[in-house]
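Subject: Structure handover

Hi,

Here is the structure we talked about. Please open it alongside this note; my findings follow below.

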Amino acid sequence: MVIAVVNNKGGVGKTTTSVNLGAALAGPRRRVLLIDLDSQASASLWCGIQRGRLRPSSASCLLYAHPIKQAIRRTSTPHFDLITGSMDLANADLALCDLPGRELALKNLLKQIHTSYEMIVLDCPPNLSLVGVNALVAADALIVPVAPQFLAVEGLVSLLASVEKVRARLATRSRVLGVLLTMVQRRNGAKLEVGERLRARYRERVFHTEIGMSRALEEAPAANQTIFQFAPRSLPADAFRRLAGEVLQRIQYPVRH
Ligand SMILES: Nc1ncnc2c1ncn2[C@@H]1O[C@H](COP(=O)(O)OP(=O)(O)OP(=O)(O)O)[C@@H](O)[C@H]1O
Ligand SMILES: [Mg+2]
């Protein structure tokens, strides 16, 4: 099962969700691979890879035919592996655009490692560039984090329209597993309203679990720890555990839309 964490809006919690949901899903009976598709490589740095050691990265495999199995690294969480992102991804659109089947490059690569992992989580860049489209095509399911900011609902409407377009044009099978409210602050009327509008419009497509604003989540990346290592008994650790439960349930019993 390939899950892409997507939103073309920046800073909405994609990387935070990819790293911690991935870690929550990982276990002895469920091997998980996180693939960092962002040129900023935030997920890779969070997992403790040094900036100078990001290569070989997902870009090496996508653009320069590096064998994907040789790009896989262990993380400090058992059963949770990583393929890094790197600056080279910033050139991916130009490098990919002349290739035949340029939107299928990632999907084809993943076929080589599909059987080694129960779950592959894709941390997407904040745009629908060719790498983003490759992620949509490779994914079975999409998780869309949304932070309750100004124009968040409008942004989501246009993102979902783009996803539909890609789905129709490229005949992909990906479906939206759920919209995830992130960075939710209690006691903030305007922001609460975004959550209510989203739930009213998208109903059961919005995950019950919300990720609250949390100091621990903000600090965990600098410590190179997942929330389960950094603050295992915190509210966000609990939230990501519950989210993992919802994800597993939805994979089995999809919400129709
Ligand atoms: N629930 C939260 N509580 C506090 N801080 C958070 C929370 N979620 C994310 N952040 C912080 O907000 C910033 C953006 O989060 P994150 O990197 O996960 O978003 P993103 O969508 O991946 O961003 P980009 O579009 O740049 O890739 C980060 O500094 C992160 O530490
Ligand atoms: Mg990110």
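Ala141 stands opposite Arg175 in S7. That pair belongs to the contact between strand S6 (residues 141-146) and S7, which run parallel and are joined by six bridges. From S6 the chain passes through H7 to reach S7, and this β-α-β crossover is right-handed. Strand S7 covers residues 175-181, and six of its seven residues are buried, so the rest of the structure largely encloses it. Bear in mind throughout that this is a predicted model.

**The sheet**

S6 and S7 sit in an open sheet of seven strands, in the order S3-S4-S2-S5-S1-S6-S7. The pairing is mixed. The edge strands are S3 (73-74) and S7, and each of them pairs on one side only. Further in, strand S1 (residues 2-5) pairs with strand S5 (residues 119-123). Those two are parallel, with four bridges between them. Val2 stands opposite Ile120 in S5.

**Helix H7**

H7 runs over residues 152-170. At 1.5 Å a residue, its 19 residues should span 27 Å, and the end C-alpha atoms are 27 Å apart, which agrees. Which residues of H7 are buried? They are Ala152, Leu156, Leu159 and Val163. Seen down the helix axis, the buried residues of H7 fall within an arc of 65 degrees, so they line one face. The face of H7 turned away from the buried side carries exposed residues. Among them are Glu154, Ser158, Glu164, Lys165 and Arg169. Val157, Ala161 and Ala168 are exposed on that face too.

**Backbone points to check**

Most residues other than glycine have a negative phi, and most peptide bonds are trans. Here are some exceptions.

- Leu151 has a positive phi, near 65 degrees, and is not a glycine. Leu151 lies in the loop between S6 and H7. Leu151 has 10 other C-beta atoms within 10 Å, so it counts as exposed.
- Ala171 follows H7, and its phi is positive, near 50 degrees.
- Ala65 has a positive phi of about 60 degrees, again without being a glycine. Ala65 is in the loop between H3 and S3. With 9 other C-beta atoms within 10 Å, Ala65 is exposed.
- Arg55 and Pro56 are joined by a cis peptide bond, with omega about -5 degrees. Pro56 is in the loop between helix H2 (42-46) and helix H3 (58-64).

**Ligand 1**

How many residues surround ligand 1? There are 18, and the closest are Gly10, Lys14, Thr15, Thr16 and Pro126. Helix H1 (14-25) and helix H9 (215-219) each supply at least two residues of the shell. H1 gives the most, with three residues. By class, the shell has seven nonpolar, eight polar and three charged residues.

Best wishes

Conventions. Residues are numbered from 1 along each chain as its sequence is written. Chains are lettered from A and ligands numbered from 1 in the order in which they are written. This is a predicted model: local features need pLDDT of at least 70, side-chain atom pairs count only at pLDDT 80 or more; totals for chains, interfaces and linings use all residues. A residue is near a molecule or strand if its C-beta atom, placed from the backbone, lies within 6 Å of it. Ala, Val, Leu, Ile, Met, Phe, Trp, Tyr, Cys and Pro count as nonpolar, Asp, Glu, Lys and Arg as charged, and the others, Gly among them, as polar. The expected span of a helix is 1.5 Å times one less than its number of residues. A residue is buried if 20 or more other C-beta atoms lie within 10 Å of its own, exposed if 12 or fewer, and partly exposed in between; C-beta atoms are placed from the backbone. The arc is that of the directions from the helix axis to the C-beta atoms. Two strands pair if DSSP finds at least two bridges between them. A crossover is right-handed if, with the strands pointing away from the viewer, the path from the first strand over the helix to the second runs clockwise.
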